[in-house]
Amino acid sequence: MNILANPAFRNAHNNPYNLLLYSHLLKISSVKVEEFNWRTLLTGKHSIVHIHWPDHVFNGKPGARFFVRLMSMLLKMVVVKLKGLRVVWTVHNLESHGRVHPRLELWCQCRFIDAVDGVIHLTDTGRVLAESKYPALVLKKSAIIFHGHYRDAYPNVIGKAVARKKLGLGEDDRVVLFIGMVRPYKNVENLIRTFSAMVSTDLRLVVAGVASINSGLERNIRQLASEDSRVSLHLEHISSDDITVFLNAADLVVLPYLDILNSGSAILALSFGRPVLVPQIGAMTDLQCRFGSHRVHLYQNELSPQILATVLDAVTSPGTEAEAGRQDMPMEYEWDHIAGQTFSFYTNVLSPGKDSLKKGAVL
């Protein structure tokens with residue numbers, strides 16, 4: 001079974017999700033995986049094209065480069081269908097964040113869905129929301145295959161004390177962490193304001209991740225942080241070695257999204273035993289159901305100092321420290337299991353006739 005994936009391995013420096021998925025798929029002797037590009041599409045013999053994040057292609061700053069990238073993607077999909085290849089889409093997002101061309105993106109997304117043969121949803125709620133927004137998906141073969149953990153990507157060889165020393169944090173500090181690319185929809189500015197409204201002197205907020213080139217986002221964040229000495233910023237690419245430094249230094253990871261379907265950053269935190277605080281939107285409730293309310297804390301509406309204080313007290317209370325660390329991950333989040341599910345779904349998509357799987361089945 002020859003797979004063209006977009007992306008396959010080239011995005012690993014930002015998010016190793018695809019690298020982990022396809023590396024484990026390659027353990028299956030009959031599978032070959034290549035990057036989806038014009039050369040591989042035109043010269044290779046493949047059976048499946050697996051697309052992730054088409055919204056990244058359908059949305060971008062106006063200009064010749066965006067137009068060329070968009071036309072190239074649409075033409076590739078025409079060639080894919082002319083060659084009789086089957087298309088699988090993993091629904092990470094329902095739409096791009098901070099849409100520049102909402103109408104154009106919606107039109108392109110619907111044309112893309114027309115070409116899709118099989119859909120992988122990462123959660124039950126994700127499937128419901130996707131099929132509600134794009135009713136054509138109801139007619140597609142589908143399965144629910146969870147987002148795998150990140151333990152294989154980031155060796156965890158550092159303890160809490162050493163991690164905190166590296167970051168200039170005190171042993172007795174209570175540390176709140178935001179980790180991931182800093183984007184407007186991730187609401188980091190409000191997190192800093194909320195944190196700064198808390199008066200305890202033993203609190204620390206660490207923000208780690210590259211800030212987007214946005215109208216004043218980084219400047220605003222730096223200004224807010226300069227007003228509270230308890231806030232430290234690391235607005236840069238976080239290396240693989242340093243990711244576990246930040247995670248092991250934290251008591252609580254807070255991801256105060258304004259809009260989200262699935263969160264790789266939440267899975268990253270949970271991979272290393274860090275409790276997370278996230279809004280009750282998208283598929284975050286599913287995450288709590290899988291990992292438990294002691295590991296995934298939800299809030300409704302706006303994050304407030306009271307909510308943050310309550311959750312932070314809960315995760316730093318006596319006895320909870322011993323439960324932290326590399327806790328067991330549910331089997332559904334192990335990559336060998338996910339690779340087997342994905343291979344089975346590919347096989348189903350390639351089979352002729354009526355879907356042999358229950359719609360949205362957890363494989």
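## Backbone features

A residue counts as buried when its relative accessible area is under 20%, and in this predicted model asparagine 187 is therefore buried, its relative accessibility being 13%. The residue sits in the loop between strand S7 (174–179) and helix H8 (188–196), and its phi is positive, about 65°, although asparagine 187 is not a glycine.

A positive phi also occurs at asparagine 301, again a residue other than glycine, with a value near 60°. Asparagine 301 belongs to the loop between strand S12 (296–299) and helix H13 (305–316), and with a relative accessible area of 74% this residue is exposed. A further backbone feature is the cis peptide bond that joins asparagine 6 and proline 7, for which omega is about -5°; proline 7 lies in the loop between strand S1 (2–6) and H1.

The model contains two cavities of 30 Å³ or more. The largest cavity holds about 120 Å³ of space and is lined by 13 residues, with Thr123, His147, Asn262, Ile267 and Leu287 lying nearest its centre. Helix H12 (residues 284–291) gives the most to this lining, contributing four residues, and the lining as a whole is made up of seven nonpolar, four polar and two charged residues.

The second largest cavity has a volume of about 30 Å³, and its lining consists of Tyr17, Leu21, His50, Thr90, Ile120, Ile145, Ile338 and Thr342. Helix H1 (17–25) and helix H14 (335–350) are the elements that give two or more residues to the lining of the second largest cavity. In terms of residue class, five of the residues lining the second largest cavity are nonpolar and three are polar, with no charged residue present.

## Salt bridges

The structure holds 14 salt bridges. In one of them, lysine 81 pairs with aspartate 117, the closest N and O atoms being 3.0 Å apart. This pair links distant parts of the chain, since lysine 81 lies in helix H4 (residues 64–82) and aspartate 117 in the loop between helix H5 (102–115) and strand S5 (118–121), 36 residues apart. Lysine 81 is partly exposed at a relative accessible area of 35%, and aspartate 117 is likewise partly exposed, at 22%.

Another salt bridge brings together the side chains of aspartate 202 and arginine 174, at 3.1 Å from N to O. Because aspartate 202 lies in the loop between H8 and strand S8 (203–208), and arginine 174 in strand S7, the pair ties together parts that are 28 residues apart in sequence. Aspartate 202 is partly exposed, with a relative accessible area of 28%, whereas arginine 174 is buried, with a relative accessible area of 17%.

## Helical pair and network

Within helix H9 (residues 217–226), glutamate 218 and arginine 222 lie four residues apart, about one turn of the helix, and they form a salt bridge in which the closest N and O atoms are 2.9 Å apart. Glutamate 218 is partly exposed at 30% relative accessibility, and arginine 222 is also partly exposed, at 41%. Elsewhere, Lys160, Arg164 and Asp251 are linked in a network of salt bridges.

## Nonpolar surface patch

Trp38, Leu42 and Leu75 make a nonpolar surface patch of about 300 Å². Of these residues, tryptophan 38 is placed in helix H2 (residues 38–43) and counts as partly exposed, at 32% relative accessibility.

Methods. Residues numbered from 1 in each chain as written. Predicted model: local features only at pLDDT ≥ 70, side-chain atom pairs only at ≥ 80, totals over all residues. Heavy atoms only, no water. Patch = residues over 30% accessible without salt bridge, like charges linked within 9 Å, V, L, I, M, F, W, Y side chains within 5 Å. Areas by Shrake-Rupley, 256 points an atom, 1.4 Å probe, with all protein chains shown as cover. Salt bridge = Lys/Arg side-chain N within 4 Å of Asp/Glu carboxyl O. Buried < 20%, exposed > 50% of the residue type's maximum accessible area, 1.4 Å probe, protein only. 1 Å grid on protein atoms, 1.4 Å probe; cavity = no way out; pocket = protein on both sides within 12 Å on 5 of 7 lines; lining within 4 Å. Points joined across faces, edges and corners; volume = space filled by probe spheres on them. Nonpolar A, V, L, I, M, F, W, Y, C, P; charged D, E, K, R; others polar.
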